[in-house]
Amino acid sequence: MSRHPGGPVDPLTLDIIATIVAGILFLVGLTGIVLPILPGSITILVTMLVWAIIVGGWPAWVGFALVAVFSIAGMTCSYVLTGRKLKKAEVPNWPILVGLVAGVVGIFVIPFLGLFIGFVLGLYGSEWYRRKDPKLAWESSWLAIKTLGIGIVVELGLGFCSTLTLAAAATIHFATA
């Protein structure tokens, strides 16, 4: 540990501040998993790395290793599960991107619910335009919504595992400090 006693901030105080900020950023990361405007798992992973560097010690580094596994697994599962199913159903990426853009616009029109409503309407509208049939458009849109939902649930579950890991690492760190 390269801490300087007598510096401007007591090391324990710095650890406490770093842990509180990390907890807040983990909440931002969890929110980012659900609302694809923010980089969720990446925020969690980078936050844990910075926390481990600041706090130091084996609990922080073991916690970082676990969070790295959870974050990478969450991002991979989310993209692989989603990508395979959408490719198999022949749903291209652009209707999903239109849905995301419509969801972002929807947030400002209808706070919170606007993201979901805008996404569904944007996705359905672009699929209707692509398929030229409202029934086929709804079928492919519903499949895309379910598939993306499964990816989000898996990534969010692993994000919660990361959050519990931070809590356990911080508890062990402060109990042994």
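A helix here is a DSSP run of type H or I that is at least four residues long, and helices are numbered from the N terminus. In this predicted model, helix α5 covers residues 113-131 and holds both Glu 127 and Arg 130, which lie three residues apart, or about one turn of the helix.

**Salt bridges**
- Side chains of opposite charge can pair when their charged atoms come close.
- The side chains of Glu 127 and Arg 130 meet in a salt bridge, with a distance of 2.8 Å from N to O.
- A search of the whole structure finds two salt bridges.

**Helix α1 against helix α6**
- Helix α1, made of residues 11-34, packs with helix α6, made of residues 134-176, at an angle of about 170 degrees, and their axes are 10 Å apart.
- Because angles over 145 degrees count as roughly antiparallel, α1 and α6 are roughly antiparallel to each other.
- On the α1 side the contact includes Leu 12, Ile 16, Phe 26 and Leu 30, while on the α6 side the residues include Ile 152, Leu 156, Phe 160 and Phe 174.
- The residues of this contact between α1 and α6 divide into 13 nonpolar, six polar and two charged.

**Helix α2 against helix α6**
- Helix α2, which spans residues 40-55, has an axis that comes within 11 Å of the axis of α6, and the two cross at roughly 10 degrees.
- Because angles under 35 degrees count as roughly parallel, α2 and α6 are roughly parallel to each other.
- Ser 41, Ile 44, Met 48, Trp 51 and Val 55 of α2 make this contact with a set of α6 residues, among them Glu 155, Gly 159, Leu 166 and His 173.
- In the contact of α2 with α6, seven residues are nonpolar, four are polar and one is charged.

**A nonpolar patch on the surface**
- A nonpolar patch on the surface, with about 1000 Å² of accessible area together, is formed by residues including Ile 16, Ile 20, Ile 24, Val 28, Val 104 and Phe 108.
- Both α1 and α4, the latter made of residues 93-109, supply at least two residues each to the nonpolar patch.
- The largest share of the nonpolar patch comes from α1, which gives eight residues.
- Ile 16, placed in helix α1, belongs to the nonpolar patch and also takes part in the contact of α1 with α6.

Notes:
Residues are numbered from 1 along each chain as its sequence is written. This is a predicted model: local features need pLDDT of at least 70, side-chain atom pairs count only at pLDDT 80 or more; totals for chains, interfaces and linings use all residues. Side-chain values use heavy atoms; hydrogens and water are left out. Axes are lines fitted to C-alpha atoms, for helices over the stretch in contact, and angles run from 0 to 180 degrees between N-to-C directions. Angles under 35 degrees count as roughly parallel, over 145 as roughly antiparallel, 65 to 115 as roughly perpendicular and the rest as oblique. Contact means heavy atoms within 4.5 Å. Ala, Val, Leu, Ile, Met, Phe, Trp, Tyr, Cys and Pro count as nonpolar, Asp, Glu, Lys and Arg as charged, and the others, Gly among them, as polar. Patches are made of residues with over 30% relative accessible area and no salt bridge: like charges are joined within 9 Å, nonpolar side chains (Val, Leu, Ile, Met, Phe, Trp, Tyr) within 5 Å. Accessible areas come from the Shrake-Rupley method with a 1.4 Å probe; for residues, only the protein chains shown count as cover. A salt bridge is a side-chain nitrogen of Lys or Arg within 4 Å of a carboxyl oxygen of Asp or Glu.
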